[in-house]
Amino acid sequence: MKFDVLSPDGFSIDRVKKYKSKASALTALKAWIKRYELQGYYSSNKGRISLEDLESNCRIIELT
């Protein structure tokens with residue numbers, strides 16, 4: 001079983017790597033969010049998303 005992390009726009013946060021557990025996917029998501037700290041927000045097709053809300057706007061999905 002593998003997992004992927006989707007951004008608020010529905011794109012994989014890493015087009016190559018998939019994760020062996022939900023926990024490792026969550027760790028990758030938190031690291032991905034850190035990349036936006038200097039900017040202070042994530043720019044989505046739906047507008048700016050604050051970093052505090054970014055994790056809840058992403059999805060971890062199970063791949064089949």
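View 1. K34 is exposed, with a relative accessible area of 53%; here exposed means over 50% relative accessible area, buried means under 20%, and partly exposed lies in between (1.4 Å probe, protein chains only). This is a predicted model, in which local features need pLDDT of at least 70 and side-chain atom pairs count only at pLDDT 80 or more, while totals for chains, interfaces and linings use all residues. Residues are numbered from 1 along each chain as its sequence is written, and side-chain values use heavy atoms, with hydrogens and water left out. K34 meets E37 in a salt bridge at 3.5 Å, N to O, a term for a side-chain nitrogen of Lys or Arg within 4 Å of a carboxyl oxygen of Asp or Glu. E37 is partly exposed, at 49% relative accessible area.

**View 2. The salt bridge between K18 and D4.** The closest N and O atoms of this pair are 3.3 Å apart. K18 lies in the loop between strand 1 (2-6) and helix 1 (22-34), and D4 lies in strand 1, so the pair ties together parts that are 14 residues apart in sequence. Helices (H or I, at least four residues) and strands (E, at least two) are DSSP runs, numbered from the N terminus. D4 counts as buried at 6% relative accessibility, whereas K18, at 25%, counts as partly exposed.

**View 3. The salt bridge between E55 and K30.** The N to O distance here is 3.0 Å. The pair links distant parts of the chain, with E55 in helix 2 (residues 51-57) and K30 in helix 1, 25 residues apart. E55 is partly exposed at 32% relative accessible area, and K30 is partly exposed at 42%.
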